[in-house]
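The sequence and the structure are shown first.

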Amino acid sequence: RVHGTLQSMEKPCYLLLAPSRLTAPTENEIRRKLQDPSPATKRDAMQEVLQAMLNGEKMDSLLMPIIQFVLPTTDKALKKLLLYSFEAVEKKELDGSLKREFILVCNAWMKDLS
């Protein structure tokens, strides 16, 4: 904190996760896990995505694979991790408009609820 206010680069973190391994996985490793048909493998990938995002890494390139391969799931634990990741990811463009990817997310949720 600088003079009682958050610096422009700092964001508050309300969720803490302990890393399960010493080296962080690469985005390609995570992408492969997201594409795997097994919900357990996808859960592992989503935990790695969350850990990386909470450590301050940008995971914007994994947003579309997450939408494609994780959003349509019926696995409850995976959906919960998905919601946590959507909470941590930046949802707006620099100009303040909603990212196009989140329009897809909203449409998928509407389809899921009906």
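The sections below take up the basis of the model, its aromatic pairs, its cavity and its salt bridges.

## Basis of the model

The model is predicted, and local features need pLDDT of at least 70, side-chain atom pairs count only at pLDDT 80 or more, and totals for chains, interfaces and linings use all residues. Residues are numbered from 1 along each chain as its sequence is written, and side-chain values use heavy atoms, with hydrogens and water left out.

## Aromatic pairs

There are 2 aromatic pairs in the structure, where rings of Phe, Tyr and Trp (its six-membered ring) pair if their centres lie within 6.5 Å, and planes under 30 degrees apart count as stacked, over 60 as edge-to-face and the rest as tilted. In one of them the ring centres of F86 and F102 are 5.4 Å apart and the planes stand at 70°, so the pair is edge-to-face. Because F86 belongs to helix 4 (residues 76–88) and F102 to helix 5 (residues 100–113), this pair ties together parts that are 16 residues apart in sequence; helices are DSSP runs (H or I, at least four residues), numbered from the N terminus, as are strands (E, at least two).

The rings of F86 and W109 have centres 5.7 Å apart and planes at 70°, so this pair too is edge-to-face. It links F86 in helix 4 with W109 in helix 5, 23 residues apart. For F86 the relative accessibility is 6%, whereas W109, with a relative accessible area of 33%, is partly exposed.

## The cavity

The structure holds 1 cavity of 30 Å³ or more, a cavity being a set of points, on a 1 Å grid over the protein atoms alone, where a 1.4 Å probe fits but cannot get out, with lining residues having an atom within 4 Å of a point. About 40 Å³ of space lies in the largest cavity, where grid points are joined across faces, edges and corners and the volume is the space filled by probe spheres set on the points.

The lining of the largest cavity consists of V49, M53, M59, L63, I66, S85, F86 and V89. At least two of the lining residues come from each of helix 2 (39–54), helix 3 (63–69) and helix 4. By class, the lining has 7 nonpolar residues, 1 polar and no charged, with Ala, Val, Leu, Ile, Met, Phe, Trp, Tyr, Cys and Pro counted as nonpolar, Asp, Glu, Lys and Arg as charged, and the others, Gly among them, as polar.

## Salt bridges

The structure holds 5 salt bridges, each a side-chain nitrogen of Lys or Arg within 4 Å of a carboxyl oxygen of Asp or Glu. Among them, K33 pairs with D44, the closest N and O atoms being 2.7 Å apart, and this links helix 1 (residues 27–35) with helix 2 across 11 residues. E48 also forms a salt bridge with K33, at 2.8 Å between the closest N and O atoms, joining helix 2 to helix 1 across 15 residues. D44 is partly exposed at 29% relative accessibility, while E48 is buried at 10% relative accessible area.

A further salt bridge joins D60 and K99, whose closest N and O atoms are 3.8 Å apart. D60 lies in the loop between helix 2 and helix 3 and K99 in the loop between helix 4 and helix 5, so the pair ties together parts that are 39 residues apart in sequence. Salt bridges that share partners join K33, D44 and E48 into one network.

Terms used: Buried < 20%, exposed > 50% of the residue type's maximum accessible area, 1.4 Å probe, protein only. 1 Å grid on protein atoms, 1.4 Å probe; cavity = no way out; pocket = protein on both sides within 12 Å on 5 of 7 lines; lining within 4 Å.
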